[in-house]
Amino acid sequence: MSGQEIPERSKQQNSMTRSPREPPCDLNENGLPLRPNQTICPHYNMFGLCKLGPTCRFDHSTKPPSSDRKQ
């Protein structure tokens with residue numbers, strides 16, 4: 001066995017220790033996840049953008065506040 005090969009046992013342990021991915025969810029018109037039972041994404045709620053995109057664990061179902069403020 002050369003130093004670059006990974007033993008079969010290590011490959012199996014690696015795949016068993018990975019955390020499962022969340023099931024796919026619906027996306028809003030901006031491609032952000034709709035997770036109705038989760039907290040609203042604070043960044044999306046404040047700025048209308050989400051830095052994490054579709055991998056974000058928060059909800060993006062509400063319309064973000066518009067930047068057009070009437071004074």
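UniProt, in an unreviewed entry, lists residues 35-63 as "zinc finger region: C3H1-type". The feature "domain: C3H1-type" is also placed by UniProt, again in an unreviewed entry, at residues 35-63. The model shown here is predicted. In this model, the C-alpha atoms at the ends of residues 35-63 lie 14 Å apart.

The wider chain can be described next. The protein chain has two helices and zero strands. Helix α1 covers residues 8-17, and helix α2 covers residues 42-47. Of the 71 residues in the protein chain, 15% count as buried. The accessible surface of the protein chain is about 6,500 Å², and carbon and sulfur atoms account for 51% of that surface. Among contacts in the protein chain with a separation of 6 or more, 16% are between residues 24 or more positions apart.

A search of the whole structure finds zero disulfides. Cysteine 41 is in no disulfide, and the nearest cysteine sulfur, that of cysteine 50, is 3.9 Å away. For cysteine 50, the closest cysteine sulfur belongs to cysteine 56, at 3.7 Å. A disulfide needs the two sulfur atoms within 2.5 Å, so the sulfurs of cysteine 50 and cysteine 56 are too far apart for a bond.

Is cysteine 41 buried or exposed? Cysteine 41 counts as buried because its relative accessibility is 3%, and buried means under 20%. Cysteine 50 also counts as buried, with a relative accessibility of 17%. Cysteine 41 sits in the loop between α1 and α2. Leaving aside neighbours within four places in sequence, cysteine 41 is in contact with Cys50, Cys56, Phe58, Asp59 and His60. The C-alpha atoms of cysteine 41 and threonine 62 are 9.6 Å apart in space, while the two residues are 21 residues apart in sequence.

Histidine 43 is found in helix α2. At 27% relative accessibility, histidine 43 counts as partly exposed. Which residues does histidine 43 touch, leaving aside its neighbours within four places in sequence? The contacts of histidine 43 are with Gly48, Leu49, Cys50 and Lys51. Histidine 43 and histidine 60 are 17 residues apart in sequence, and their C-alpha atoms are 9.9 Å apart in space.

Helix α2 also holds methionine 46. Methionine 46 counts as exposed because its relative accessibility is 59%, and the cut-off for exposed is over 50%. Met46, Phe47 and Leu49 make a nonpolar surface patch of about 370 Å².

Apart from neighbours within four places in sequence, cysteine 25 is in contact with Pro33, Leu34 and Arg35. Cysteine 25 and proline 54 are 29 residues apart in sequence, with 9.4 Å between their C-alpha atoms.

Glutamate 29 is found in the loop between α1 and α2 as well. How exposed is glutamate 29, and what is its relative accessible area? Glutamate 29 is exposed, with a relative accessible area of 57%. The C-alpha atoms of glutamate 29 and histidine 60 are separated by 10.0 Å, and the two residues are 31 residues apart along the chain.

Histidine 60 is in contact with cysteine 41, its C-alpha atom lies 9.9 Å from that of histidine 43, and its C-alpha atom lies 10.0 Å from that of glutamate 29.

Key
Residues are numbered from 1 along each chain as its sequence is written. This is a predicted model: local features need pLDDT of at least 70, side-chain atom pairs count only at pLDDT 80 or more; totals for chains, interfaces and linings use all residues. Side-chain values use heavy atoms; hydrogens and water are left out. Patches are made of residues with over 30% relative accessible area and no salt bridge: like charges are joined within 9 Å, nonpolar side chains (Val, Leu, Ile, Met, Phe, Trp, Tyr) within 5 Å. Accessible areas come from the Shrake-Rupley method with a 1.4 Å probe; for residues, only the protein chains shown count as cover. A salt bridge is a side-chain nitrogen of Lys or Arg within 4 Å of a carboxyl oxygen of Asp or Glu. Helices (H or I, at least four residues) and strands (E, at least two) are DSSP runs, numbered from the N terminus. Buried means under 20% relative accessible area, exposed over 50%, partly exposed in between (1.4 Å probe, protein chains only). UniProt positions are given in the numbering used here, feature names are shortened, and annotations may be inferred rather than shown by experiment. Contact means heavy atoms within 4.5 Å.
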